[in-house]
Amino acid sequence: MDLITKLVCGQTVQSPTVTDMETKRIADENGEVVMTIYRVFPGIDLVFNDIHSQRCVIDHGRTGNVIEIDHCREGRIEREYGDEFFYLAPGDMAIGKRAAGESESYFPLSRYHGITVIVDIESAPRCLSCFLADVFVSPADIAEKFCSNGRCFVARSKPYVEHIFSELYDVPDSIKKGYFKVKVLELLLVLLGMESGEDEADSRSLAKRKVELAKDVSHYLTGHMEEHITVAELANMFHVSQTVLKSAFKGVYGVPVYSYMRTQKMQAAAMLLKQTDMPVMEIAGKCGYDNGSKFAAAFRDVMGMSPNEYRNIATGDVAAV
């Protein structure tokens, strides 16, 4: 499933109840990507990401001096700064400068749910105290603190940061516009007070060669889903030790090779169940299973239901569930 979804070609749907909001959506054989974007302040956007694809090319429409604050709720996302790579897992947060125009994001587990706050330093208010007294927050100061000299800030979110993001997911439409303003102000104020010693970027970075090794292994495995391949065989194939291979792979994907492939196979099976009329046993064979019961058990363990239940729900045949 190492495929690219280009979000800028997706459908844009305007909200009938909340102004300054748009939804960008695309669904095809590569996966599904939905981004809901709220224009909270001039130059400051709040983006909800719901992504079920391994790659996604995105254009947020912001250019110039822009920083991104990313918070991962579920799944995994890659961030590249210079020759180093960082991977955000649930609860992690990153702050860094964003390249102008389109940028490709990589989601190792082919799923990602999270929030991105985009701050255009040139367009955002110089100080946000005009919106709320005593909130003396300057977006330029945030950028200088976390992103000077091309730096990236990466950290596990503290409880007082985590609650800000968690409370953004379940808000009535009638108060979203004002509520998002309050929460973004709260987030920026809290970030300004964070200690620089909380930065884990150096300790959690991965060298490019390790990332390339892990992705090459993943690409090979997803192209041979019907086969059973051991770590020893992979290490021999890529001319590295098993220890190096396992370390690189877990650094990128967050799980061992076996667990990753099991999940990838079930996600591929789910796509086939949803988009084709292919018999379940034929799908099982394409995923390396010649036993229907073992395939059904693996599918239920990963997807939370049987293959037939998943197909019926995905195709709208709820009565058959």
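Biologist: Which residues of α10 are buried?

Modeller: This is a predicted model. In it, the buried residues of α10 are F295, A298 and F299.

Biologist: Where do they sit around the axis of α10?

Modeller: On the same side of α10, because the arc they cover around the axis is only 100°.

Biologist: What do the buried residues of α10 pack against?

Modeller: Against three helices: α8 (257-275), α9 (280-286) and α11 (307-314).

Biologist: And which residues are exposed on the other side of α10?

Modeller: S293 and D301 are exposed there.

Biologist: What caps the N-terminal end of α10?

Modeller: N291 does, with a side-chain oxygen 2.9 Å from the backbone nitrogen of S293.

Biologist: How far apart are the end C-alpha atoms of α10?

Modeller: They are 16 Å apart. Helix α10 has twelve residues (292-303), and at 1.5 Å a residue these should span 16 Å, so the two values agree.

Biologist: Now α1. Which of its residues are buried?

Modeller: Helix α1 covers residues 139-147, and P139, I142, A143, F146 and C147 are buried. Their arc around the axis is only 95°, which means they lie on the same side of α1.

Biologist: Which residue takes a positive phi just after α1?

Modeller: N149, at about 55°.

Biologist: Switching to strands. In what order do the three strands of the open sheet come?

Modeller: The order is β8-β9-β14, and the pairing is antiparallel. β8 (77-81) and β14 (206-207) are at the edges with a single partner strand each, so one side of each has no neighbour in the sheet.

Biologist: How many bridges join β8 to β9?

Modeller: Five, with β9 being residues 84-88. Y81 is opposite E84 of β9.

Biologist: Zooming out, how many helices and strands does the chain have?

Modeller: The protein chain has eleven helices and 14 strands. It has 321 residues, and 49% of them count as buried.

Biologist: And what share of the contacts join residues at least 24 apart?

Modeller: Among contacts between residues at least 6 apart in sequence, the share is 67%.

Biologist: Last one: how much accessible surface does the protein chain have?

Modeller: About 15,100 Å², and 51% of that belongs to carbon and sulfur atoms.

Definitions and conventions. Residues are numbered from 1 along each chain as its sequence is written. This is a predicted model: local features need pLDDT of at least 70, side-chain atom pairs count only at pLDDT 80 or more; totals for chains, interfaces and linings use all residues. Side-chain values use heavy atoms; hydrogens and water are left out. Two strands pair if DSSP finds at least two bridges between them. Helices (H or I, at least four residues) and strands (E, at least two) are DSSP runs, numbered from the N terminus. Buried means under 20% relative accessible area, exposed over 50%, partly exposed in between (1.4 Å probe, protein chains only). The arc is that of the directions from the helix axis to the C-beta atoms. The expected span of a helix is 1.5 Å times one less than its number of residues. Contact means heavy atoms within 4.5 Å. A polar contact is a pair of N or O atoms within 3.5 Å; within protein, one must be able to donate a hydrogen and the other to accept it, and residues adjacent in sequence count only if both atoms are side-chain atoms. Accessible areas come from the Shrake-Rupley method with a 1.4 Å probe; for residues, only the protein chains shown count as cover.
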